[in-house]
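Please read the following report alongside the sequence and the three-dimensional view.

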Amino acid sequence: MRQLRGQERAITGNRQTSLAFAEAYGAGTIDDKADAALHWSREQAREAGIRAVSTGTGTALRLLAATADAKAVAEIGTGTGVSGIYLLHGMRPDGVLTTVDLEPERQQFAKQAFREAGFAGNRARFIPGRALDVLPRLADGGYDLVFCDGDRMECLDYLAESLRLLRPGGLVCFEGVFADGRTVDSAAQPAEVLRLRELLRTLRESDALISSLLPVGDGLLCAVKRG
């Protein structure tokens, strides 16, 4: 087996099977209403040409929200509500998800999905608009978790805002950092992939954060804000 840098191991056929098993492990583990709402929400995303978070990413988000005992979560990129359903299921019963998206019509799908999943209307606050216009209006230190699934070119700006928004011990998560394998591809890459590489370096080298890259979906980069 060829030795890879950084103690990485080659992905064998068995390991690919294991990763696929882990990705599907959380399917159908919430409840019937939520599972039906997730299916409907994924269909709306597919029709709209939006890539929703995978099952593995969603269940990881649910776990992280539960681990943080999250009462306040901010989400960049509402989509059709798939990630929001997972986050809300991991949050405290009195928790509120603040979710931001440029497209108000997508948020209408998410509202319906949340309702079908059994969440009361006051569990989510929908804010239409560009994330970097909305985030500065949110409260300093008022959030337990920030989930970023927006414009990759703005990821470093999302990180800066997240550090301000999070309480000590809070979590920031970035979806899609593998960029379909382009992040680790040695060929020339577009600016958004270079920005993701910079994000990865920044989190790994930060003294203010403890980070880890989870191999679920298209890559979920997570970090805890030190106290």
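## The hairpin of β6 and β7

Strands β6 and β7 form a hairpin with five residues between them, and G217, in the turn, has a positive phi of about 55°. Helices (H or I, at least four residues) and strands (E, at least two) are DSSP runs, numbered from the N terminus. β6 pairs with β7 (residues 220–225) in the antiparallel sense over six bridges, where two strands count as paired if DSSP finds at least two bridges between them. Within this pairing, L209 stands opposite K225 in β7.

This is a predicted model, in which local features need pLDDT of at least 70 and side-chain atom pairs count only at pLDDT 80 or more, while totals for chains, interfaces and linings use all residues. Residues are numbered from 1 along each chain as its sequence is written, and side-chain values use heavy atoms, with hydrogens and water left out.

## The sheet and its helices

An open sheet of seven strands, with mixed pairing, has the order β3-β2-β1-β4-β5-β7-β6. Because β3 (124–128) and β6 (209–214) stand at the edges, each with a single partner strand, one side of each is left without a neighbour in the sheet. From one strand to the next, the twist averages 15°.

Helix α3 (residues 55–67) lies across β4 (143–148), β5 and β7, and runs at about 10° to β7. Helix α5 (residues 104–116) packs on the sheet, touching β2 and β3, and its direction makes about 170° with that of β3. Axes are lines fitted to C-alpha atoms, for helices over the stretch in contact, and angles run from 0 to 180 degrees between N-to-C directions; contact means heavy atoms within 4.5 Å.

## Q189 in its loop

Q189 is found in the loop between β5 and α8 (191–205). Q189 has a relative accessible area of 17% and is therefore buried, a word that means under 20% relative accessible area (1.4 Å probe, protein chains only). Leaving aside its neighbours within four places in sequence, Q189 is in contact with R182, L194 and R197.

How values were computed: Buried < 20%, exposed > 50% of the residue type's maximum accessible area, 1.4 Å probe, protein only.
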